[in-house]
Each structure stands twice: as structure tokens, then as C-alpha cells.
Protein chains: 2
Amino acid sequence: MRIVALAGGIGGAKLALGLSRILSAEELAIVGNTGDDIELFGLRVCPDLDTLVYTLSGLVDPERGWGLRGDTFHCLEALRSYGLPGWFQLGDRDLATHLFRTRMLNEGADLVEVTLEVCRRLGVGPRLLPMTNGYHPTFLETDRGKLHLQEYLVREKCRPEMRSIVYRDIEKARIPEAVLQLLSQADGIVICPSNPLISIGPILAVPGFREAVSAISGARVAVSPIVAGEAIKGPAAKMLGELGLPVSAAGVASLYRGLATHFILDNRDAELQPQVERLGMVVSTRDTIMSGLKEKVDLAEGVIELI
Amino acid sequence: MRIVALAGGIGGAKLALGLSRILSAEELAIVGNTGDDIELFGLRVCPDLDTLVYTLSGLVDPERGWGLRGDTFHCLEALRSYGLPGWFQLGDRDLATHLFRTRMLNEGADLVEVTLEVCRRLGVGPRLLPMTNGYHPTFLETDRGKLHLQEYLVREKCRPEMRSIVYRDIEKARIPEAVLQLLSQADGIVICPSNPLISIGPILAVPGFREAVSAISGARVAVSPIVAGEAIKGPAAKMLGELGLPVSAAGVASLYRGLATHFILDNRDAELQPQVERLGMVVSTRDTIMSGLKEKVDLAEGVIELI
């Protein structure tokens, strides 16, 4: 069995971790969002890829869900004392990942190669690949002007009201050859419970990506990141509402219409089942919160049963 | 009075600190060596400039003589765990200086502007300027091949036998306008007790620099970095010997012939006085070791008396 999971940050990484415990490294591959990438101080920072790598390697800070456990922030403090914007949380050990990545990129490697190498160095089994090799950051038009996604998420703490999303130059992005190969050989797809607008959205916006996923004959299972009308973590619910989309698991499902063949609702959203079924999806209900490792593995098993 | 000091790393920084205690910020300017600059992980690192800035700001680690007091090395440890060369000592807080510098350079500032800004941020009074805005690293031809100066100094711990020095593309280097102005207005020059081959040598190798210094009508005072045939710190003695030059204060003086009008020997080298006088210099003897702040200030006073 060959499974490809599409994932963004923390929620996606949780399910990816669950999947990695029941599938072999050969059976599982993950395509990570790079729409939240940001260039800081000349360094290429890939927060979603890093959250996936740190989670899968067991190095992640369990409290925050991102960054490295026990990391310090001495460099960041010094950057602030230089009067530099210190809102982005760069840990000292975490910085090494950005330096390593930037060095490899500057030496001519592409992001696929860099990401595979980071995984290898940190002992991550499943292949993790970026959705594209290029730099296509997501910007939000808000009531406080145009913001890079990280400015919105971290600096502005998601407070601005969102009007629209721009995946910069995404029409010029290309699916990496290695990702095309994975998709062409996949027996099933998992769309992780990540924000559909800023985590899964950019992946599906890469030209040809939606088509390549839809061409897979096996089950394509999406898990709702919205439970009882609220995001488990992050601004998904607020964003959906501000864009005038239904703030519910059914609203998310509608974004995956024609793409997902199966949709997993949280038990608490069971009443939405008929509504999602009308979108042409096979619907099942489960506990989707994934608070501990057991819950992650349970949900992963539920997903794989469908495939 | 307007004094320009030429300085390399630790020894130069000690005298610069002494000078900064007896001269006002308007009276003192320092031109720092950038021949020991290195690009690491895409960052521009200027070890001599940083040693000067950290020493003058009082932030320097007093034991090592370089780097920041109390700095940690967590990022460096993580870089090593990525299999990256971790021989260069990048402190976590120190890294912020390199990130700040690289960011400003990438945004189009030149190294003069960056260095002045770093000084301003860290509260350094005297102007500190790089000898040139370009990147002209020093390479050594050795019995173990061609080495970047930092590879020789730090990674190889000065063990290889040196055959020749190359200041890369130094013939294309230009003296920054701000440095030319300082030199044209200077009432006197101090050549700090820095390594004449790898600290002062690159400065004087910038086309026109030697001439601009020689054109100053005031006293041009050099302080020997060699005492009793040995370097106070660093590989100056070993290097002089391997290049077939006399390993003595008089040997250093001969490198500054026609440039320095005055030469300060350590008290222990008083017997070299006639030899150095024959080079056409006014010679005085002093305690030049600068172990504490008092000794730094005393030597600085001795230098300024001559000007």
C-alpha cells in the first residue's frame, strides 16, 4: 500500500505521526505545505515542513506543537536588541535547520533534496516532500493591509479581519517530479485535518495538483479540521467566516468536493453526515481530536481502513 | 586631535579600548581588518570587526578575548548534529550580529554602513570602519594545501606550515570614501599590536592605503605585537618564521619601514632599539602586554604622547 498524505502544520503533523506508526516508511509519504514559508534574515524558513519533521522525529516541543523541545531563544533576544523584528519565534537549535536549508539551497540543491536530507539527518522514516520547489508565500489582504501569512499568524496573532488570500505567483509553481511520481503510484490519499485555506489550499493551488490527486483511483480521505464549528487549533474557523464560507466541517468538505471521496467528521458533528454525503462523499464519524499518541494512531487506523 | 587606529583582532582591540578611554568619540576612529572575514552558511562573518565591537562595547568574553560574554552555542551544536562543519565558534547571541549584518548587506547597505550601525546599536562611541567594503578573504598556502585564514586559525589550530599569503583579489579592493576622509583629516596614526601579516597586512594591501597613511604629516606610531621573540597571542611569530622573516619586534618594524615614524618596543626588547632606529623610526620602550584595563590605558597614553 502506498499512501500520500497532504499536510500543513500542527494538525497535519499529528495525523502524519499517527500514520507513521501504522505504515512502513515505504508505505507513507507526506507532501507538506510551503505556502507559509518565509524569508527571514536571508534564511529560508519553512514552518510547516519543520513542524512535520520535528513531529515525526519526536524532537518537537510537545507543549507548543512546533519548534524543538528544550530549545533556547538567545539569538532571537539578541536580534531584538539589534532592533530587528523579533516576532517570529526562531529557536537557537531550530535556527540550525534554517541555516542548513539555506546553505544547501545556496549551493544549488532544490527544496525536495533539502527536505529529504533534513529528514535523513533527523531520522525521519517516511518521505516528506514540499508541494513545490519554488517560493510562493501566502499573503492575506486584511483590514490592516496586506500581510505575509506569518505576519498575520504570529505577529498580528490572527486579529486582522481577512478579505482574501493570495498564493503568490502560484500559477508559476511546479509540482516536483518526485511528488508527481508519488501521486502517480499512490493507492490512496489522506487530506490531513489542516487549515483548508492556508495549509491544504496552497498545495491544491499548485497547477495540476488537484487534477493529479483526483486521478488517483483509490480512496481520497479528508479529515475535518473543524469540530463543532470551531478549529481544533489556529484560525481556520475565523478565516472561513471572514471569507463568507460556512464555518463547519461541511463547509470544509465543500472545498474538497470532487477531490475527496471520503470525509471523516468528528463524532460531535455526526448530524452533518447527510449534508456532506450530498457532496458525493462517503462519510464516517470518529474522534478526531488526537490529544495523545493513542488517539493519533486510532484516527490513522480509521483513515487507512477506508483505503 | 584626530587619531586613526589600524587594528586586527584581540591585540588591536585591547589598544583600541585603551585609546577609547582617553580620547573622545570624535577624536578616535578605528579601521578594522576584514581580511579574516568568512562566509558561513550564507552569513557574512567579520571576526576582527566583531572582536573590536564587542571589546569596545564591553560585551566581549573576557576569558577568550572574542565573542560575547556568557554566550551559548546551542545553534552550533545543532549544526554539528546536521553534519555541518562546526569548527567555527558561532555563539547564539553572536549569530545575531551575523544575521543583522547579512540582512543589511542583502538589503543593499555596504559594510561601512553596517559596521557603523552595529556600533550604534551596541553603544560603541568611536567610529569603527572596515578597511574596504568588498569581500577579500585571506588564504594561506600551507603544507596542507590552501586554507582560508579561519580554517588555518580555528580548524587547523595554526598547525600547518605556511608558505605564502594571498589576500584574495585585494588589487580590486577600494578604500571606502569614509576611510579616505578619516585618513585625510588624521593628525596621527596608530598601528595597533596586531599580526602584521594577517591583521595589518590586508589593510595595507588595499590599493592606495599605504600611500594614504604615509601622506599623513603627523606621527604614525606602530606598537610591536612581538615581545621577546614571541607573539603575545596568536601565530604571528610562527608565521614570520615560516616566511623567513626575522621573528622579532625589529622584524615587524621592518615591515612598517617608510610607513611608521615611531615604533614602540616592549621594555624587554630594549636592546633592539638601535636596530629599529636604523629603519628611520623614533623608538620608545614601554610595557606593551596590556593585561588589564590600566595597562591598556597606559599604553594608549604612551602612544598619544608621541602624536
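B:Cys192 touches B:Ala5, B:Leu6, B:Ala7, B:Gly12, B:Leu15, B:Ile200 and B:Val223, leaving aside residues up to four places away in sequence. Touching, or contact, means heavy atoms within 4.5 Å. This is a predicted model: local features need pLDDT of at least 70, side-chain atom pairs count only at pLDDT 80 or more, and totals for chains, interfaces and linings use all residues. Residues are numbered from 1 along each chain as its sequence is written, chains are lettered from A and ligands numbered from 1 in the order in which they are written, and side-chain values use heavy atoms, with hydrogens and water left out.

Where does B:Cys192 sit in chain B? It lies in the loop between strand S9 (188–191) and helix H8 (200–205). Helices (H or I, at least four residues) and strands (E, at least two) are DSSP runs, numbered from the N terminus. B:Cys192 counts as buried because its relative accessibility is 1%. Buried means under 20% relative accessible area, exposed over 50%, and partly exposed in between (1.4 Å probe, protein chains only). B:Gly12 is 180 residues from B:Cys192 in sequence, yet their C-alpha atoms are 4.9 Å apart.

Now turn to the helices. Two packed helices are described by the angle between their axes and the distance between the axes. Helix H1 (residues 10–22) and helix H13 (residues 293–306) of chain B pack at about 75°, with their axes 8 Å apart. So H1(B) is roughly perpendicular to H13(B). Axes are lines fitted to C-alpha atoms, for helices over the stretch in contact, and angles run from 0 to 180 degrees between N-to-C directions. Roughly perpendicular covers 65 to 115 degrees; under 35 is roughly parallel, over 145 roughly antiparallel, and the rest oblique. Among the residues that meet are B:Leu15 in H1(B) and B:Val297 in H13(B).

Next comes a sheet. In chain B, 3 strands form an open sheet in the order S7-S6-S8, with antiparallel pairing. Strands S7 (145–148) and S8 (162–167) stand at the edges with a single partner strand each, so one side of each has no neighbour in the sheet. Strand S6 (residues 138–142) pairs with S8(B) over 5 bridges. Two strands pair if DSSP finds at least two bridges between them. B:Leu140 has B:Ile165 in S8(B) as its bridge partner.
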